[in-house]
Every structure is written in structure tokens, then in C-alpha cells.
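The sequence and the structure are shown first, and the description follows.

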Amino acid sequence: MFTEILDGIMETPAYVAGWLIIGGLLLHVGLLAGGGARRLWFERRRGQLEQERLLLEIHGARLRIQTVEQAKSGWNGIRKFTVEKKVLECADTCSFYLKPHDSKPLPPFKPGQYLTFQLVLPGLSKPLVRCYSLSDCARPTHYRVTIKRCLPPPKTEYPPGLGSSFFCDVVKEGDILDVKAPNGHFFLDLEKERPVVLISGGIGVTPMISMANALVESGSTREIWFFFGARSGEDHMFKTYMAELAAKHPNVHMQVCYSRPHPNEVRGRDYHHEGRVSVELFKQLLPSNNYDYFLCGPGPFMQTITDDLRAWGVPDAWVHFEAFGPASVKRVAKPEDKAAAAAAPSAGFDVQFARSGKTVAWNTSFGSILDLADDKGVKIDAGCRAGNCGSCLVAIKSGEVEYLGEHGAEVERGSCLTCICKPKGPLVLDA
Ligand SMILES: Cc1cc2nc3c(=O)[nH]c(=O)nc-3n(C[C@H](O)[C@H](O)[C@H](O)COP(=O)(O)OP(=O)(O)OC[C@H]3O[C@@H](n4cnc5c(N)ncnc54)[C@H](O)[C@@H]3O)c2cc1C
């Protein structure tokens with residue numbers, strides 16, 4: 001009876017419709033639940049994708065910055081250059097025109113900067129690193145460097161310089177050289193308006209030519225006083241160039257000094273002044289001392305000029321110099337600094353050069369460990385003396401060092417770039 005009634009109810013349309021509604025509701029709830037999970041998954045995935053997109057964007061931006069920086073400042077590591085042309089400029093001095101072996105564009109550089117070469121010399125276990133200033137302004141097709149053979153000090157039996165002799169005697173047109181990108185903090189700011197005095201002795205003229213060319217070729221009318229010192233016409237590199245530069249550009253005042261002219265050399269034709277480039281000469285020729293000064297030449301020459309400029313009242317900030325060799329310029333100490341240095345002549349600890357068997361007291365008057373090594377006759381190879389070329393890297397056996405500025409070269413753990421660091425305390429070096 002009960003089952004009959006139930007069967008009757010189950011056959012009614014209301015019953016069927018009821019189940020249909022319940023089924024529909026269940027389906028809807030199920031779909032909703034499934035949809036929520038899917039939405040959650042989609043949300044999460046979208047978050048992940050968004051994160052990935054942001055990371056890619058950051059990476060892309062980094063790459064773009066890197067590429068722009070590289071295009072601006074050069075390339076990473078070594079690039080091969082072919083010697084396109086080798087020109088004898090004067091006795092023992094040659095210019096090398098270098099074009100990129102990969103034929104890709106050349107990055108520009110700032111006038112005054114240098115290139116670093118890794119030279120593979122027969123008999124040497126590792127490449128010889130040497131820096132040479134760019135001796136022309138930036139050109140789209142090639143770089144130029146000019147190299148003078150480094151002769152031994154007078155009355156010594158030492159052989160002439162390794163790197164410079166290799167360039168003068170061995171390197172020839174068609175050779176391929178390993179070169180690091182232009183670098184250096186000694187450069188002329190082309191954006192500035194101040195008049196300049198370019199002062200050079202001998203091969204120190206190379207960055208000055210780069211600066212003068214960059215200025216005149218940019219159309220600048222900045223006043224340029226160009227002082228160049230040589231012993232005689234024999235050492236007068238770029239003689240024709242200098243005469244033409246002055247003839248073409250009224251803002252260039254060329255002043256060539258010969259310290260020992262040959263009897264057949266005529267003042268006014270071959271050179272302008274007999275004697276050395278000096279601040280006394282500047283006082284005679286320049287209307288005031290209000291210039292930016294750029295100097296490059298032998299150590300003693302630069303020392304005298306910087307001391308005398310200071311005595312003439314030229315602020316240190318207006319004087320810029322590049323040292324090609326060990327004798328870098330030491331600013332004249334003020335009397336109070338001298339007194340302080342005298343009161344504390346030694347820092348109270350030693351630097352030991354283990355291989356050379358030399359132990360010396362560190363003194364605050366030394367600019368860097370390399371200066372100390374030079375002073376004490378300890379031979380440490382050095383290129384740029386600015387922490388960029390890496391050739392003065394020496395292993396530390398014990399102790400710690402402190403860097404005096406930023407360095408471009410990588411420093412291996414447990415080693416130091418002796419040209420731009422000083423000891424923190426007792427130090428033993430493998431040199
Ligand atoms: C930023 C910068 C830019 C430069 N730009 C130029 C440039 O434009 N043109 C240029 O010509 N130079 C330039 N130089 C100098 C150049 O880098 C080299 O220092 C120079 O060519 C000498 O290197 P070398 O290998 O020929 O001499 P090294 O082999 O290093 O010898 C140096 C001197 O030591 C002497 N010597 C050899 N053996 C001994 C020994 N046992 N004991 C003591 N002395 C010894 C040699 O006779 C020589 O006089 C630049 C330097 C710097 C830092």
C-alpha cells in the first residue's frame with residue numbers, strides 16, 4: 001500500500017520537477033565549487049606569469065643598460081685589433097693605427113684616455129700588460145697610439161723597455177693585438193667652456209694631441225695653449241701636425257721649447273723657445289693663471305710644473321696630470337702636513353717583500369704599496385697605475401690592505417692591486 005502511494009507520488013510532475021530542481025542546484029553548486037578552484041588556479045598562474053614578466057622586464061632593462069654602457073665605454077675583456085698602419089714619427093717613436101679585427105663599430109672615448117695591451121712576448125710565461133694613451137681623438141674606423149722606446153736610465157746596463165721595444169722592433173702592419181677598452185680618469189671634459197693649457201714633455205704629448213684634436217674638431221673655440229718640450233728636432237714628434245694645427249685654428253697657441261737645439265735648428269722656424277717648458281714661460285705668455293691645466297711628461301718635469309703652478313696660485317683642482325711611469329707627482333705638502341708627517345714618520349709597522357727579501361717600514365708619505373716598492377727597488381710589474389689593467393696584482397702572504405679608490409680590474413681572493421692600496425697593518429707580500 002505504502003509503496004503504491006510512493007509510486008503514485010513519484011510519477012507526479014511535481015516530484016519529477018522537484019528532483020530536477022535539486023539536481024540542477026547540485027550541478028550548479030558543483031560547477032561553482034569547480035569554477036572557484038579553477039579561478040583560484042588561474043589567479044595564481046596569472047600572478048606567476050606577472051612575476052615572470054616583471055623579471056623578464058628587469059632582465060631586459062639590465063641587458064639594455066649593459067649594452068648602452070658597453071657601447072659607451074667599450075667592450076668587456078679583450079678585443080682583437082689589426083695593425084693597419086705603422087708610422088715612424090721620430091727617432092724610436094712609432095704610431096700604430098689599429099682597426100677592430102671583428103669590423104664592428106668602435107666605441108668613442110674621452111680625449112686623454114688610454115688603451116691597455118696584453119702583449120704575448122716570446123720567453124715570457126704570461127702576457128705583458130702595457131697601457132698607451134690614444135694619440136688622436138675618436139674616429140669611427142680606427143684608434144691610434146704612439147709609442148716611444150723606453151731607454152734604460154743613463155749609465156746603466158739595463159736592457160731597454162720590453163713592451164715599447166716590442167712595439168718598435170717587432171710589431172708590424174697586419175699583426176693582430178689583444179686590446180682592452182679605452183679607460184682612464186685623465187681626460188678633458190668637452191662640455192666645459194674654460195680655456196685650457198696642454199703641457200707635455202716628450203712622449204707625454206700623446207694625450208694632448210687627442211685633447212686638442214677633440215676640441216678643434218668639435219668646432220669649439222675654447223682657447224688652447226699647447227706647450228711641448230723636446231731636447232731638439234730629433235725628438236720633435238708630430239712637428240708638421242703641430243704647425244698645421246696652429247696655422248688652421250686661431251684659438252690654438254702653439255709653443256714648442258727645445259732644451260738643446262742643434263746649431264742648424266732655427267728659433268721661430270723649428271721651435272719657439274730655447275729652454276724647458278716652465279711656469280715662468282706661462283707667466284710671460286698667458287694673460288692670467290685662470291685655466292684648466294693638463295700635464296703629461298717625465299716625472300721630474302711634472303713635479304716641477306705642478307709645484308710651480310701651486311706657487312703661482314693655481315688651485316690643485318685646475319691641474320690634471322697623467323704619469324706614464326713610476327715617478328708620479330706628489331703634491332707639495334703644506335707646512336702643517338709636513339710637520340705632522342715629521343711627527344709620525346713611520347706608521348709603526350713593516351711591509352715585507354718576501355721574494356725580494358726586503359722589509360721596509362711603511363710610511364704615510366707613500367701613496368701606495370707600488371710607490372713603496374718602486375722607492376725600495378722591488379720590481380712589481382705595473383701598467384696603468386690606476387687599478388684598471390690588473391698587472392700589479394700581487395699575492396698577500398699575510399696581513400690586510402685598504403683600497404684608496406675604486407678599481408676596474410678584478411682582484412683575486414688573497415691578492416691586491418698594489419698601485420691603489422696601502423697596508424692596514426703588518427703585511428707580507430709575495431713580491
Ligand atoms: C696611462 C698610461 C699611458 C701611457 N701612454 C703612453 C704613450 O702614449 N706612449 C708611450 O710610449 N708610453 C706610454 N706609457 C708608458 C708605457 O705604458 C710603458 O710604461 C712604457 O712603454 C715602458 O714599458 P716597457 O715595457 O717598454 O718598459 P719596461 O720593460 O717596463 O722597463 C721600464 C724601464 O726599466 C728599465 N729596466 C729594464 N730592466 C731593469 C732592471 N732590471 N732594473 C731596473 N730598470 C730596468 C728599462 O730600461 C726601462 O727604462 C703610458 C703609461 C701609462 C700608465
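Strands β3 and β6 (residues 176-183) pair in the antiparallel sense over four bridges; two strands count as paired if DSSP finds at least two bridges between them. Within β6, Asp-178 is the bridge partner of Gln-118. The model is a predicted one, in which local features need pLDDT of at least 70, side-chain atom pairs count only at pLDDT 80 or more, and totals for chains, interfaces and linings use all residues. Residues are numbered from 1 along each chain as its sequence is written, and side-chain values use heavy atoms, with hydrogens and water left out.

Helices (H or I, at least four residues) and strands (E, at least two) are DSSP runs, numbered from the N terminus. Strand β3 comprises residues 114-119, and five of its six residues are buried, where buried means under 20% relative accessible area, exposed over 50%, and partly exposed in between (1.4 Å probe, protein chains only). β3 is also joined to β4 by six bridges, and these two strands run antiparallel. Leu-115 has Tyr-132 of β4 as its bridge partner.

**The ligand and its surroundings**

Tyr-132 also reaches the ligand: a polar atom of its side chain lies 2.8 Å from a ligand oxygen atom.

| Residue | Protein atom | Distance to a ligand oxygen atom |
|---|---|---|
| Tyr-132 | polar side-chain atom | 2.8 Å |
| Leu-162 | polar backbone atom | 2.8 Å |
| Gly-163 | backbone N or O atom | 2.7 Å |

On its own the ligand has 990 Å² of accessible area, of which the protein covers 81%; such areas come from the Shrake-Rupley method with a 1.4 Å probe, and for residues only the protein chains shown count as cover.

There are 25 residues around the ligand, and Arg-130, Cys-131, Pro-159, Gly-163 and Ser-164 come nearest. A residue is near a molecule or strand if one of its heavy atoms lies within 4 Å of it. This shell divides into 15 nonpolar, seven polar and three charged residues. At least two shell residues come from each of β4 (128-133), β5 (143-148) and α3 (162-170), and β4 gives the most, with four. Domain 2 (78-183) and domain 3 (196-322) each contribute at least three residues to the shell; the domain bounds come from an automatic or database domain assignment.

**Two buried residues**

Phe-96 belongs to strand β2 (residues 93-100). Phe-96 is buried because its relative accessible area is 0%. Its C-alpha atom is separated by 6.4 Å from that of Val-83, 13 residues apart along the chain.

Thr-418 is placed in the loop between β17 (415-417) and β18 (421-423). With 0% relative accessibility, Thr-418 likewise counts as buried. Its side chain reaches the backbone oxygen of Cys-392 at 2.9 Å.

Note on methods. Polar contact = N/O pair within 3.5 Å; in protein donor to acceptor, adjacent residues only side chain to side chain. Nonpolar A, V, L, I, M, F, W, Y, C, P; charged D, E, K, R; others polar.
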